2 protein chains.
Amino acid sequence: MPTIYEVAERAGVSLSTVSRVLNGKSSVNKALKERVDQAVKELNYRPNSVARSLANSRTDSVGVLVPELNAPFFGDLMQAVESTLRAQDKHVIITVGRNCLETEKDAVDFLISRNCDALIMHAEALSDDYLLDLNQNKLPIALVNRKVEGLPNACITLDNEKGGYLATRHLLELGHKNIAYISGPAYKADACLRLKGHERALIEAGLSVNPQLIFNGNYSEEDGKIGLLELMARDLPFSALVCANDWMASGAISCARDLGMSLPQDLSIVGFDDVVFAHHVFPRLTTVSNPVADMAEMSAKYILNKVYGQDHNVQHCFEPSLVVRESTINFES
Amino acid sequence: MPTIYEVAERAGVSLSTVSRVLNGKSSVNKALKERVDQAVKELNYRPNSVARSLANSRTDSVGVLVPELNAPFFGDLMQAVESTLRAQDKHVIITVGRNCLETEKDAVDFLISRNCDALIMHAEALSDDYLLDLNQNKLPIALVNRKVEGLPNACITLDNEKGGYLATRHLLELGHKNIAYISGPAYKADACLRLKGHERALIEAGLSVNPQLIFNGNYSEEDGKIGLLELMARDLPFSALVCANDWMASGAISCARDLGMSLPQDLSIVGFDDVVFAHHVFPRLTTVSNPVADMAEMSAKYILNKVYGQDHNVQHCFEPSLVVRESTINFES
DNA sequence: AAACAATTAGAAAGCGCTTTCTCGCATTTA
DNA sequence: TAAATGCGAGAAAGCGCTTTCTAATTGTTT
């Protein structure tokens with residue numbers, strides 16, 4: 001690998017001049033510039049990114065924290081972040097948090113130890129205070145799918161309440177009156193908001209919120225099954241079910257089928273997120289789309305603005321929308 | 001951020017000594033070592049990884065190239081690589097190749113420019129020669145799911161032929177005699193081998209290979225549909241279908257259902273890869289499991305051996321196995 | 001006790017770049 | 001024409017570490 005010094009020698013200039021040509025920040029005599037460009041080409045010179053980082057204390061790398069990589073939702077997120085950032089010659093260092101506080105902290109420590117210029121996180125377990133600290137420690141961060149008081153700019157969120165509302169209103173419009181709900185865990189803000197939207201839709205329709213029709217799951221496929229069984233055991237009739245994510249909807253669907261129900265005739269089901277498998281499920285899942293890729297791209301743009309002096313428009317709140325497929329049908333009494 | 005110099009000062013030793021304590025390569029007087037450790041703790045010192053990399057020309061980073069991130073198969077791959085490597089304090093830089101020669105080359109260039117110590121690739125478009133060149137250029141590489149003559153050690157592969165064989169033998173054992181096959185693209189080695197396995201099973205069973213029962217797809221869901229329609233249009237009866245991956249199987253399934261067939265009674269279908277959605281499909285897909293996570297982990301271990309002087313056992317060829325679910329059933333004439 | 005070997009600590013060079021500082025030269029102004 | 005100004009190019013310091021080389025200290029051998 002040739003160094004900048006060899007380029008300078010071949011071009012017959014000093015290495016400062018080569019650096020200036022390479023970075024284009026200060027002006028260089030045209031003839032010299034051409035000699036340098038020529039030398040660069042001849043030697044097939046590529047600047048050493050490590051040395052450059054050491055000299056200007058910037059690594060052009062952005063740390064990313066996601067709960068897992070082998071899940072469609074986070075795959076979409078990663079894909080968007082990676083392509084947005086790499087288009088600007090930054091790279092991502094990906095770490096996995098596994099929904100676990102210790103692992104997430106380790107991951108952040110690791111990213112810091114790698115001198116990332118900024119962090120983009122989908123943090124599940126880290127506390128608001130921890131995140132505030134991080135940010136005050138002069139490390140720019142962006143938070144996808146999370147709202148932290150005190151970090152209004154860093155947060156890129158979805159209007160989860162509206163999503164929950166859309167799901168339930170869709171069922172109401174189809175004539176359903178008894179609508180069960182399998183929620184995500186109560187300690188997660190998005191789960192609460194989705195539920196709140198569900199309740200608002202009921203109330204707007206003049207119906208009452210019956211806690212007996214609500215089950216608290218943990219967003220897993222398994223809990224979709226358990227939830228459906230539990231709700232049915234409570235012996236209150238319902239003709240439709242909203243699940244707070246697609247995994248639970250998928251669990252509920254296969255459970256329902258195992259119980260001999262025919263879908264969607266016996267039960268209309270709505271999911272949330274519109275992950276890739278939503279249309280593999282049978283019947284194809286009606287769900288609320290979560291524009292995670294857009295949000296992820298936006299978080300990357302926010303970082304590009306904040307750390308690398310670029311100037312993108314950034315939008316902090318995104319809207320979900322309903323995707324009607326075949327798992328919901330008119331209520332026929 | 002404190003530097004190694006400040007640690008040395010506080011401990012009252014030279015910075016060489018601090019470095020030695022930190023790296024533990026050469027021996028240091030116990031008392032001094034303790035003073036250094038103490039100083040490190042007091043200052044909360046973290047070595048600057050960039051400076052370290054510059055000094056010893058090693059970045060502790062491994063470049064990874066995958067066709068895409070938002071697909072279950074590559075999600076599994078990434079997850080395994082990331083966790084294996086990070087457990088050893090290395091990090092991955094992920095790039096996306098999109099199945100496109102130019103993009104893949106760009107990605108590799110990018111990774112090289114980032115001074116990765118090694119590359120782990122699931123390369124679709126790069127030629128064997130290109131890969132050989134890379135490797136001869138002193139950059140260690142590992143290739144997942146690919147066999148390149150001349151790089152026997154770098155390749156971590158699946159016995160695709162056996163996988164194809166298992167899929168078809170399963171159907172034969174169920175009594176099927178007319179088995180259609182939707183293949184992957186002929187220019188991909190894995191697709192050819194899977195098909196070859198299918199043919200071997202047929203021949204072993206005393207049946208002949210009828211090209212009219214084979215359709216060449218491109219591994220996409222869409223081509224599963226197109227393939228099934230095309231095969232049916234050829235007007236040769238078949239009671240079972242092998243698809244060379246799960247995406248095409250999923251496409252074929254929804255197409256079959258749209259045609260009013262009932263599955264698996266009217267048609268048994270086998271997929272390949274056992275990606276996460278295989279059990280979301282209805283009927284749940286019988287498929288050939290592809291231990292991609294194991295292979296990915298192994299590729300990471302190979303790199304750990306090769307570049308970082310570790311000593312893991314490495315296995316170069318992996319065995320697929322049949323996962324029987326509900327999309328296949330006995331042939332009843 | 002003297003001569004030697006074996007350890008261990010410190011000084012200093014070097015990794016490849018960026019950037020400040022300085023100086024020389026060309027251009028402008030009085 | 002002399003002084004003032006501006007600009008571009010080179011010298012050199014510095015980013016924070018590793019590692020070689022040298023020197024000093026300790027322990028070992030005869």
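**Figure 1. A base of DNA strand D and the backbone of A:A55.** A polar backbone atom of A:A55 lies 3.5 Å from a base oxygen of DNA strand D. In this legend and those below, a polar contact is a pair of N or O atoms within 3.5 Å; within protein, one must be able to donate a hydrogen and the other to accept it, and residues adjacent in sequence count only if both atoms are side-chain atoms. The model is predicted: local features need pLDDT of at least 70, side-chain atom pairs count only at pLDDT 80 or more, and totals for chains, interfaces and linings use all residues. Residues are numbered from 1 along each chain as its sequence is written, chains are lettered from A and ligands numbered from 1 in the order in which they are written, and side-chain values use heavy atoms, with hydrogens and water left out.

Figure 2. From a phosphate oxygen of DNA strand D, a polar side-chain atom of A:T17 is 2.6 Å away.

Figure 3. A residue is near the strand if one of its heavy atoms lies within 4 Å of it. There are 25 residues around DNA strand D, of which A:T17, A:N29, B:I4, B:S19 and B:Y45 come nearest. Helices (H or I, at least four residues) and strands (E, at least two) are DSSP runs, numbered from the N terminus. The most is given by α4(B), with 5 residues.

**Figure 4. The interface between chain B and chain A.** Contact (heavy atoms within 4.5 Å) joins 48 residues of chain B to 48 residues of chain A. In chain B, B:Q79, B:R86 and B:H280 lose the most area to chain A, together 15% of what that side buries. Buried area is the accessible area (1.4 Å probe) that two parts lose on being put together, summed over both; here the value is about 4,300 Å², with carbon and sulfur atoms giving 54%.

**Figure 5. Polar pairs between chain B and chain A.** Between the two chains, 22 residue pairs are in polar contact (both at pLDDT 80 or more). On the side of chain B that touches chain A, α5(B) gives the most, with 7 residues.
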